[in-house]
Structures are given as structure tokens and as C-alpha cells.
Amino acid sequence: MHAALVEISIHVSVIAALAALLAWCSRSRLRPGWLLAALLLMLLRDALVLRGYGLIPNFVTGSDWAWTGKLLATAGLLAVAALPGFGLARCGITWRQEQGARAAWLVFAVVAVIVCVIAFAYRDGPDTLDTIAFQWTMPGIEEELFYRGVLLLALNEALDSGVPRRFAGIGWGGVLASVAFGLGHALFYRKAGLTFDTLAFALTGGPALLLAWFRARTGSLALPVLAHNVANGMPALL
């Protein structure tokens with residue numbers, strides 16, 4: 001529990017510092033209330049995924065995967081998205097596609113083919129049904145709801161007063177949310193101390209920018225969730 005709390009505290013501190021730096025560099029007006037909301041969301045999501053740091057019992061037994069934590073986080077994030085200050089549609093919880101969605105879906109088709117080819121080339125046989133079911137559902141649903149949903153909205157509001165300034169087609173909040181996604185896969189605190197995996201950060205933070213672009217082009221989480229689950233699920237399936 002101590003290590004997990006230290007770890008998330010570092011993640012939150014890094015995002016807070018980068019938000020302030022980015023606001024200053026881009027001459028955006030930083031809105032402290034929304035930045036605080038984003039940081040609190042990071043803490044809330046971490047606590048839910050880790051089942052209240054072990055205080056909440058695991059009600060999905062017999063699995064090697066964090067079903068309970070992911071389901072708790074999904075429920076909690078949906079509740080946040082339903083709040084008046086957020087809104088389901090504003091968080092991307094809608095099937096409606098924006099006019100620029102066709103380009104995003106075409107890019108996804110190309111990326112999906114590449115993912116399938118790589119997964120087939122390095123196939124070692126299908127995983128267990130538990131692993132396949134988890135990888136085709138939970139990572140995409142819960143993580144996209146957070147990183148490209150509620151957190152993205154809060155960070156865009158914090159940095160851009162609700163009108164995202166664009167970097168490679170996404171708002172500055174999308175850049176920060178992608179950094180947060182990469183940190184979650186690369187920056188860890190263990191008994192040996194703090195470690196940072198540069199390759200893991202690149203392999204997760206980079207694709208996170210593409211997912212943020214999908215979200216910006218389509219206005220919906222549907223494509224990011226699908227793309228995320230394809231990337232996670234195809235290697236498990238093959």
C-alpha cells in the first residue's frame with residue numbers, strides 16, 4: 001500500500017508540474033479548479049483499480065486479472081462522467097461520430113491490420129479464456145473512459161478554458177493525458193526505489209496520442225475503446 005501511494009503521488013506531481021509548465025509555455029490560462037479535479041480523478045481511479053489499496057474484497061475470484069478493480073473503476077468513472085460539470089457526451093460516452101470521423105476509422109483499419117500481422121508473426125498460441133475475455137474488455141473500457149474520457153475533459157478545461165488549443169490535432173489536455181498513460185506503464189516505485197522504463201513509456205505514451213487523436217476526430221470513445229482492445233486482445237487470441 002505504501003509503495004502504491006508513493007507511486008501515484010509521483011504521477012500526480014509530475015502531471016501537475018507539466019500542466020503548469022505547459023500553460024506557461026503555450027500562454028494558456030490555467031484553471032486551478034479543473035486541474036485539481038484532474039489530479040483528484042487520478043487519485044480516485046488509482047484507489048478504485050487497486051480496490052481501495054486492498055481494503056475492498058476481491059469479488060471476482062479464480063482469475064489472475066484485476067476484474068474487481070477494473071469494474072469498480074469503470075462504475076466510479078461513469079458516475080463522475082454523469083455529473084453536471086462533466087456530462088456523458090462531453091466525456092465521449094456517445095455513439096455519435098463527428099464529421100471528421102471517417103479519417104480516424106480509416107487509420108484504425110490500417111493500424112488494426114498491422115497489429116494483427118505482428119500478433120500473428122509472434123503468436124505462441126491462444127491464452128486462457130479468462131485472459132482473452134479480460135484483454136478484449138477491461139483495459140479498453142476502463143482506461144479509455146479515464147484517459148480519453150473524464151481525465152481528458154478535466155485537463156482540457158484546466159489548460160484551455162474548454163476550447164482546446166491543438167497539437168497534432170488534439171488538445172493540450174490530450175498530450176498530458178497521454179503522458180499520464182505512459183507514466184502509468186513506465187514509472188514505478190518499488191523496494192529498490194524509483195524506476196523509469198523509457199521503452200515502456202514510448203510504447204504506451206506514443207499510441208496514447210493516437211487514441212487521443214481518435215477521440216478528437218470522432219468525438220466518441222467508441223473507436224478508442226475498440227482500438228485499445230484490439231491491440232490488447234489480438235496477441236491474447238493468437
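## Arg51 and Tyr53

Arg51 is partly exposed, with a relative accessible area of 24%; buried means under 20%, exposed over 50%, and partly exposed in between, with a 1.4 Å probe and protein chains only. Tyr53, in contrast, is buried, at a relative accessible area of 18%. This is a predicted model, in which local features need pLDDT of at least 70, side-chain atom pairs count only at pLDDT 80 or more, and totals for chains, interfaces and linings use all residues. Residues are numbered from 1 along each chain as its sequence is written, and side-chain values use heavy atoms, with hydrogens and water left out.

Arg51 lies in helix α3, residues 51-54 (helices, H or I, at least four residues, and strands, E, at least two, are DSSP runs numbered from the N terminus). Tyr53 is found in helix α3 as well. Phi is positive, near 55°, in Arg51, and phi of Tyr53 is also near 55°. Most residues other than glycine have a negative phi.

## The largest nonpolar core

The largest nonpolar core has 54 residues, of which Ile15, Phe86, Val150 and Leu151 touch the most other members. Such a core is a set of buried Ala, Val, Leu, Ile, Met, Phe, Trp, Tyr and Cys residues joined through side-chain atoms within 4.5 Å. Helices that each supply at least two residues of this core include α1 (2-26), α2 (32-49), α7 (138-160) and α8 (172-186). The largest share, 10 residues, comes from α7.

## Contacts of Leu151

Leaving aside residues up to four places away in sequence, Leu151 touches Ala38, Leu41, Met42, Phe146, Ala177 and Ala180. Contact here means heavy atoms within 4.5 Å.
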